[in-house]
Amino acid sequence: MKIITGLIIIVSGAMIGCTVSKNVLFVDQLDLTQMESGWGENHINKSVDGNPLKIAGKTYERGIGTHAVSKFLINTGGTAVSFDALAGVDDENSKPGTVEFKILGDRKVLWSSGIMKQGDAAKSIHVSLKGIKKMAMLVTDGGDNINYDHADWINPRITYSQTAPMVSSVIQKEYYILTPVNNKPRINGASVVGANPNHDFIFRVPVTGKPPLKVSVKGLPSGLLYDSGNRSISGKAPAKGAYEFLVTAENAEGSVSKKITIRTDKGLSLTPPLGWNSWNCWGLSVDQKKVKAAADAMVSSGLADHGWTYINIDDGWEASERTMEGELLANEKFPDMKVLTNYVHSLGLKSGIYSSPGPQTCGGFQGSYQNELSDARTWAKWGIDYVKYDWCSYGQIAIDQSLPELKKPYELMRKMLDQADRDIVYSLCQYGMGKVWEWGAEVGGNLWRTTGDITDSWNSMAGIGFAQSKSSAFAKPGNWNDPDMLVVGQVGWGPSLHPSKLTPDEQYTHISLWALLASPLLIGCDMTQMDAFTLNLLTNDEVLEINQDALGKQAGLISEKDGIQIWMKPLSDGTMAVGVFNIGTADGTESFNWDDQPNAKKVTVTAEELALKTKFKVRDAWRQTDLGEFTGSFETNVPFHGVMLYRIITQ
Ligand code: GAL
């Protein structure tokens, strides 16, 4: 965290000619990496798009360009006198946005701009901070949505009665770890694996426990062999049918066995894909070294032992020219795709790639338009196991946005993949157009994005996650709704990264909600830089088990009141997973942790809400502890923007 020294003498744009007193602390001198913005990146002295700050035709030299919903909490410590700034909507957007600027102090709204729109002159703010311990700067979406809400704070500054003290820009967040260390042997991951007959098959057996750990595999169908070196089963998948085999793991703490079924009669992705994708960390700066490092980290961090499998390259790998024969090539950042996928496979992991049905990808690289069969064959030749197919420039090809036009490019690539003679998971990416969840399965998708791109802000993550009821009914083994990739750990869309701006409680919410939604889980961070907290989020086997349940149901919202939402997912063993989320109410004051202890809400979960008539047992999934037996109801305390995730077991 950046610490601010007392002496600050700065000449600011709007204050040319006057020396700023040492009693004044400019907000741009604080660590702004923790300022949340609903889209894009915050910039000092520039708008969120990186242009000069400009409000109602007037340009300002100093300030902060951000985007609604934007939040920043400052520890003023009770010694500040006032906060001053100008605020307004930046002129840069061609379409107008509406926002509301607020200054909060110790849970109260101290100043509000009222709704402001593009073209309104900047409003001047002068707020007394006397006695205030913590203040917050908030830009709301103005009551509509965050689209085009480019917001500028001009010369935001705090004045003290004496020399500005050392202050921290944010209140320390406690990155608390809930996942217990399990020394006993445990066989993790899905109990069912899908494959197509006679195709290349690879499956890494996910096992944890204190080493030395002995893992044995019995009863594999002919054509498949287990390699204890990389704990992987590989070979050719058997003829159409269901094949059960037994995995046993032993160590000094005990022995455990689990039956796993290979199904070659139900298609691929019979449970949601678990893996990594390069986009949310590296963006277009992805290269072979980073992908290889990700594969290595997936194994060395232990993630692979919890069932994480796919190493997916997003946009930015494609060469600008095809061969004379029209074959797609990788660019200079990926010297040899075949060697790379072989390496990924040698670890027992799987390889994914990205393209667009349009002539160009969203990043401006070569798309698959009019080369669909050739590209599907190229990917199969390279050993690719997963393709994300992103609409992008296909907008120029489609005649309109009618359903047949939306389906067409996806149906076409499905046909081509079917001719490629390889198991390739098919991920549709078109941001939910035409309610893709209603027809994604029909066009042969294994998963389909239901939304636009996620960012690491509460507004984005929660806005997407809690809006997924619409698609619940359509999720099933082999066909999943995809609310986009995870934003925990070091993220950044490349090349520079920052820690996720979600608070620890928000990160627990993110993983719990995605697990309940039976969403594909694609880690979006640099896995070579994972801290203990991030690893704790991604390696809780009871949480992952909820996501990987073979029944394949997506959770639905069963109760909503006073900012508390309860989501329920039925599981294959007759139990249910229940998430109790404290999402807060619309009042901006609730958006910040004012106290050292995060705000928590007491909630009574009733048997009626859960449709239970008998006694039931409750187990805390994150802490992996039994809470006892209940009739009628049970009580819980849910942190602000946090979650309690339970497994409910009836008698
Ligand atoms: C977007 C897509 C992102 C990422 C990006 C690459 O359309 O939603 O997830 O793939 O394109 O350019």
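His-126 lies in strand E10 (residues 123-128). Helices (H or I, at least four residues) and strands (E, at least two) are DSSP runs, numbered from the N terminus. The model is predicted: local features need pLDDT of at least 70 and side-chain atom pairs count only at pLDDT 80 or more, whereas totals for chains, interfaces and linings use all residues. Residues are numbered from 1 along each chain as its sequence is written, and side-chain values use heavy atoms, with hydrogens and water left out.

His-126 counts as exposed because its relative accessibility is 57%. Here, buried means under 20% relative accessible area, exposed over 50%, and partly exposed in between (1.4 Å probe, protein chains only). In sequence His-126 and Ser-82 are 44 residues apart, while their C-alpha atoms are 6.8 Å apart in space.

Ser-113 belongs to strand E9 (residues 108-117). With a relative accessibility of 5%, Ser-113 is therefore counted as buried. Its side chain reaches the backbone nitrogen of Phe-101 at 2.9 Å, a polar contact in the sense of a pair of N or O atoms within 3.5 Å; within protein, one must be able to donate a hydrogen and the other to accept it, and residues adjacent in sequence count only if both atoms are side-chain atoms.

Thr-140 is located in strand E11 (residues 134-140). Its relative accessibility is 16%, so Thr-140 counts as buried. The side chain of Thr-140 reaches the backbone nitrogen of Gly-142 at 3.1 Å.

Pro-221 is found in the loop between E17 and strand E18 (224-227). Pro-221 counts as buried because its relative accessibility is 10%. Pro-221 and Pro-238 are separated by 17 residues in sequence and by 6.7 Å in space, C-alpha to C-alpha.

**The four-stranded sheet**

Strands of a sheet pair through backbone hydrogen bonds, either parallel or antiparallel. Two strands are taken to pair if DSSP finds at least two bridges between them. Four strands form an open sheet in the order E14-E21-E20-E17, with mixed pairing. Its edge strands, each pairing on one side only, are strand E14 (192-194) and strand E17 (214-218). From one strand to the next, the twist averages 25°; axes are lines fitted to C-alpha atoms, for helices over the stretch in contact, and angles run from 0 to 180 degrees between N-to-C directions.

Within this sheet, strand E20 (residues 242-251) and strand E21 (residues 254-263) run antiparallel and are joined by 10 bridges. Asn-251 has Gly-254 as its bridge partner in E21.

**The eight-stranded sheet**

A second open sheet consists of eight strands in the order E28-E27-E26-E25-E24-E23-E22-E31, with parallel pairing. Strand E28 (480-482) and strand E31 (521-523) are the edge strands, and each pairs on one side only. Neighbouring strands of this sheet are turned by 25° against each other on average, direction ignored.

Strand E23 (residues 310-312) runs parallel to strand E24 (residues 350-355), and three bridges join the two. Among the bridge partners in E24 are Lys-350 for Tyr-310 and Gly-352 for Asn-312. E24 is mostly covered, with six of its six residues buried. Lys-350, Gly-352 and Tyr-354 point one way from this strand, whereas Ser-351, Ile-353 and Ser-355 point the other way; all are buried.

**The ligand site**

| Residue | Distance to a ligand oxygen atom |
|---|---|
| Lys-388 | 2.8 Å |
| Arg-449 | 3.1 Å |
| Asp-453 | 2.5 Å |

Taken alone, the ligand exposes 310 Å², and the protein buries 94% of that area. Accessible areas come from the Shrake-Rupley method with a 1.4 Å probe; for residues, only the protein chains shown count as cover.
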